[in-house]
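Open the model in your viewer and keep the selection panel handy. We will go from stop to stop, with a short note on what to select at each one.

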Amino acid sequence: MQVAIVTGASSGIGFGTAVKLAESGIAVLGTGRDEARLADLASAIGDPERVATLAVDLTADDGPARVVDAAVKRWGRIDFLVNNAGVGSPKPLHETDDESLDYFLGLMLRAPFRLARDVIPHMASGSAIINVTSTFAVVGGLRGGAYSAAKGGLTALTTHIACQYGPQGIRCNAVAPGVTVTPMVEHRLEDERFRKINTEMTPYPRLGRVEDLASTIAFLCSPGGSFINGQTIVVDGGWSSTKYLSDFALSSEWVAR
């Protein structure tokens with residue numbers, strides 16, 4: 001039985017990914033900070049033989065090692081690492097203090113780096129690491145600040161791992177979500193400007209869903225994804241790759257800058 005570690009598995013994309021992988025027969029260690037939500041994950045998977053959870057602070061010095069040790073102790077192997085844990089609502093560069101900078105980089109770059117470093121010695125040929133980045137690592141993004149910096153660094157880390165450890169049969173890819181309707185994003189969609197930037201500039205007629213990302217990540221863990229290495233798969237309905245504007249946006253009254 002193959003084994004996957006999924007960070008940030010207590011809600012949103014991580015939760016959906018953990019359930020999707022378990023449905024495909026992969027045992028999952030889901031990590032997060034909220035024990036009650038992790039208990040919900042275990043219930044959703046419903047098979048004690050294929051799920052374990054660990055409440056952990058990934059930014060702590062011993063966090064990544066605790067995660068890897070828990071998976072090895074439980075199942076004796078690790079086949080997949082999904083670095084998904086993250087935080088939203090960043091500020092632009094000039095509004096970002098050092099404490100916020102350190103937190104964003106610590107959670108979304110330093111922790112994935114250390115998890116990958118600790119997990120690779122336990123991976124055999126055919127294993128894979130998937131880093132969940134963002135369209136903000138592809139096109140920058142207004143107000144991205146430390147978030148864009150962390151996700152951009154994670155993209156570069158992805159290509160390094162793909163090159164360095166590909167010869168061992170260990171693949172590494174990034175999945176870059178656009179705006180995906182999760183608890184972390186729902187409140188942002190209440191902001192009219194944020195909503196318009198995403199809904200009126202996405203050619204596909206809806207925003208992203210957790211299932212879209214979970215299915216993409218599961219594919220990268222499947223035999224069908226076994227020759228994909230060093231890539232970023234953007235899941236955003238065409239938002240970042242087109243110059244699309246909806247009919248509403250094109251017909252609305254423009255205000256002089």
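**First stop: strand β5**

Select β5: A128, I130 and V132 point one way, I129 and N131 point the other way, and all are buried (buried means under 20% relative accessible area, exposed over 50%, partly exposed in between, with a 1.4 Å probe and protein chains only). In a regular strand the side chains alternate between the two faces of the sheet. Because 5 of the 5 residues of β5 (residues 128–132) are buried, the strand is largely enclosed by the rest of the structure. Strands here are DSSP runs of E with at least two residues, helices are runs of H or I with at least four, and both are numbered from the N terminus.

A word on the model before moving on: it is predicted, with local features needing pLDDT of at least 70 and side-chain atom pairs counting only at pLDDT 80 or more, while totals for chains, interfaces and linings use all residues. Residues are numbered from 1 along each chain as its sequence is written, and side-chain values use heavy atoms, leaving out hydrogens and water.

Pick F80 and you will find its bridge partner in β5, A128.

**Second stop: the nonpolar cores**

Which residues touch the most other members of the largest nonpolar core? Among its 34 residues, they are I5, L29, L58, V67, L81, V119 and I129. A nonpolar core is a set of buried Ala, Val, Leu, Ile, Met, Phe, Trp, Tyr and Cys residues joined through side-chain atoms within 4.5 Å. Elements supplying at least two residues each include β1 (3–6), β2 (27–32) and α4 (98–119).

Centre on V119: leaving out residues up to four places away in sequence, V119 touches I5, V68, I78, L81 and I129 (contact means heavy atoms within 4.5 Å). Another core, of 25 residues, lies apart from the largest one and includes V82, V132, I217 and V235.

Go to the loop between β6 (171–177) and α7 (183–186), where T182 sits. T182 is buried, at 7% relative accessible area. Beyond its neighbours within four places in sequence, T182 is in contact with G12, I13 and V210.

Conventions:
Two strands pair if DSSP finds at least two bridges between them.
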